[in-house]
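The stops below go from salt bridges to a helix and then to some backbone angles.

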Amino acid sequence: MGRIRVLPDQVANQIAAGEVVDRPASVAKELLENALDAGATRIRLEVEAGGRKLIRISDDGHGMNRDDALLAFERHATSKLRTADDLLSISTLGFRGEALPSIASVARVSMETSTGDEAAGTRLEIAGGKILHVEDAPGPRGTTISVADLFFNTPARRKFLRAESTELAHVTALVTHYALAHPEKHFELVSASHTLVAALPVARPAERIYQIFGKDTLAQLLPVAAEMPLDRPGLPEPPPWKRDPAEPARVPGTIRLSGFYSKPELQKLNRNSIYIFVNKRLIRDRLMLHAISEAYRNIIPPTSYPVALLFLEMPPEEVDVNVHPAKTEVRFRQQSLIHDFVRDSLRNALIKSRPAEGFLNALEKAPAASPTLMPSAVSPLPGAPEAVPPEPEIPPAGPNETFELTPMPIPAYPGRLPFENATAATDLLRSALSNTIERAVQFPNQSGVEGCSPDLSTLQQSMALETAEVEAQQAEATLNHLGALRPMGQLRDSFILAAGTDGLWIIDQHVAHERVLFEKILRNRRVEQVQRQQLLMPLLVELKPWQMVVFAQISQELERNGFEVEPFGPQTLAVKAAPVGLGGESLERMLTEVIEQASAESNEPKSNEDLTALRLRIAASIACHSAIKVNTPLDPAQMEWLLSELARTEHPTSCPHGRPIALLYSWKDIQRAFHRI
Ligand SMILES: Nc1ncnc2c1ncn2[C@@H]1O[C@H](COP(=O)(O)OP(=O)(O)OP(=O)(O)O)[C@@H](O)[C@H]1O
Ligand SMILES: [Mg+2]
């Protein structure tokens, strides 16, 4: 007997389910897309236990008659595709005829559907791929599908599901994405009688953004609209012998881009706020992400990401959607053309919208690297009082150059003071100074300015630093120096210049204070002596729906750090108390930053390691946002206080994010520069 067997349908469906259905959100995605394909204008989702127990979706689309309702659960049964040629120009979201049978093979499904023009509708029940029950069920036009007990018959897959709150966050994100793509439709998401999304139909995409993200986000976004006629169609003409003379020749279509992008001031730590839709399908696409980064190149730091909601419309022939089982990736037939179109349209829009006044001023003031401390650049003329070098001339900005702010790559610093070697020391000093000052001046309102780049990897590096013996020795060596420093003044109200026996020290006041606060916060938290202050008025912070879910995951740790925060309506938090020293805008920024970082991880912190990382991150973020800012004048007493506090920290050489705090221009280097040795 041969070895090969054809798999039973149920097994084949479960295999397909492995590709299409991996968590409640992917079930929700398939069902939502079916509702949209059915022309629904009102879609309501209810979930229980993050969708693990139940996902129910009701739509007012065209519904199905009895035969179609039964066929819908057959493998490869679809109303959206007839011939292989149709695959070349798909204008519906679904086309594989696989979603419903896949879902029905791994859950208990029931469906009620009615076309509205027949006497009776249909109700069916299916579990583990078997039809259990079919009956008449009169009802209005539309379809309701309930998916209960996901993976009830595949325990191995059930094990991979995350905490309910995590799954709920994914479902919420998904619904909001589709709601953004279809402002004219009504979307609702309800979980345990809690409304997470309620988006009534609106006329314009901007109004939908307002509904979903709130007014603050909308205020930071700018619209983009562009179109480009194509020179040629993406699909080549079929060869003459295959050409149907009745069929008109292919005509090149037009690509349109519309949507919103963020001003340079709004920067995110990850790509989670970039949404790309192609013909109203939400996709992940590296090519598009690249085009967006290119558009923002030199406008925001390479480690930051913008917010973008981009809708690309093009003839269906221009895009192959049949490249990924979950249909989340596509292939453009004219890839580089579309990449360049998106990059250039966005970049032009960015340039046209021109930076805000303050931004331009900052640019004009942005200093170049100060060469005074460079031995080679020091004026060789003895006696010439060249204490202040002439300000470098800033070339007039051409239309395309307005935004070319940070052409210099930010060097990776070692988190200590390797100034043994004179050349390395001066190079490091020069680039560190110029970069820090440039960043500081260019992004005065960004947390990044202050030297906080709190992504987990740097924090982890910082954690490693904290334990490294070598580093401890290094810190000890510098500790003595810092204690004995005599502050002389500030450079641009941002860096403290201090004289020490070993040379000239330059201390970044923000990161120095950040280090002091970071250690204090961790210490106080350990002994449960966090100092909190009641706010006179609760501060209201608007969050995105899925961020509310993330907030619930980390609220306990926030509380232990001195926060008293309560949900205030479906998308708003009310902060009633906060750690001492944190208020107003910095408080809001700190909270959203921590929530954003936590949502980037997308899993609930469970292990001790996760919790430690979360604790460190929260401490680092509080420290960063309450520390003295750059561009702040300090009097001598304040400088002295800061230096002595810094000298008392365990790790005075690097900030919680691993950046250096102090740079030394050694006595030896100074003497050498003046040709005294
Ligand atoms: N909510 C709905 N309203 C009306 N018809 C529906 C609905 N959901 C599914 N159908 C019908 O059932 C068919 C099968 O749905 P299914 O999701 O399995 O496949 P598909 O959407 O055609 O392709 P894909 O597997 O890519 O999603 C659809 O082609 C459609 O005709
Ligand atoms: Mg489908």
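The predicted model holds 30 salt bridges, a salt bridge being a side-chain nitrogen of Lys or Arg within 4 Å of a carboxyl oxygen of Asp or Glu. Residues are numbered from 1 along each chain as its sequence is written, and chains are lettered from A and ligands numbered from 1 in the order in which they are written. Because the model is predicted, local features need pLDDT of at least 70 and side-chain atom pairs count only at pLDDT 80 or more, while totals for chains, interfaces and linings use all residues; side-chain values use heavy atoms, with hydrogens and water left out.

Select R23 and E167 to see a salt bridge of 3.0 Å, N to O. R23 sits in the loop between α1 (9-20) and α2 (24-37) and E167 in helix α6 (residues 164-181), so the pair ties together parts 144 residues apart in sequence. Helices (H or I, at least four residues) and strands (E, at least two) are DSSP runs, numbered from the N terminus. Both R23 and E167 are buried; buried means under 20% relative accessible area, exposed over 50%, and partly exposed in between, with a 1.4 Å probe and protein chains only.

Next select R284 and E329, whose closest N and O atoms are 3.7 Å apart in a salt bridge. R284 is in the loop between β12 (281-283) and α9, and E329 in the loop between β14 (319-320) and β15 (331-332), so this pair links parts 45 residues apart in sequence. R284 is exposed at 53% relative accessibility, whereas E329 is partly exposed at 33%.

For a network of salt bridges, select R42, R44, E46, R56 and E188.

Move to helix α15, residues 509-526. How many of its 18 residues are buried? The count is 15. Within α15, E519 and R515 form a salt bridge of 2.9 Å, N to O; the two are four residues apart, about one helical turn, and both are buried. At the N-terminal end, D508 caps α15, with a side-chain oxygen 3.1 Å from the backbone nitrogen of H510. After α15 comes E528, with a positive phi near 55°.

Most residues other than glycine have a negative phi. N298, not a glycine, has a positive phi of about 70° and lies in the loop between α9 (286-295) and β13 (308-313). Last, select H675, also not a glycine, where phi is positive at about 55°. H675 is in the segment after α20 (667-673) and is exposed, at 71% relative accessibility.

Conventions
The expected span of a helix is 1.5 Å times one less than its number of residues. A polar contact is a pair of N or O atoms within 3.5 Å; within protein, one must be able to donate a hydrogen and the other to accept it, and residues adjacent in sequence count only if both atoms are side-chain atoms.
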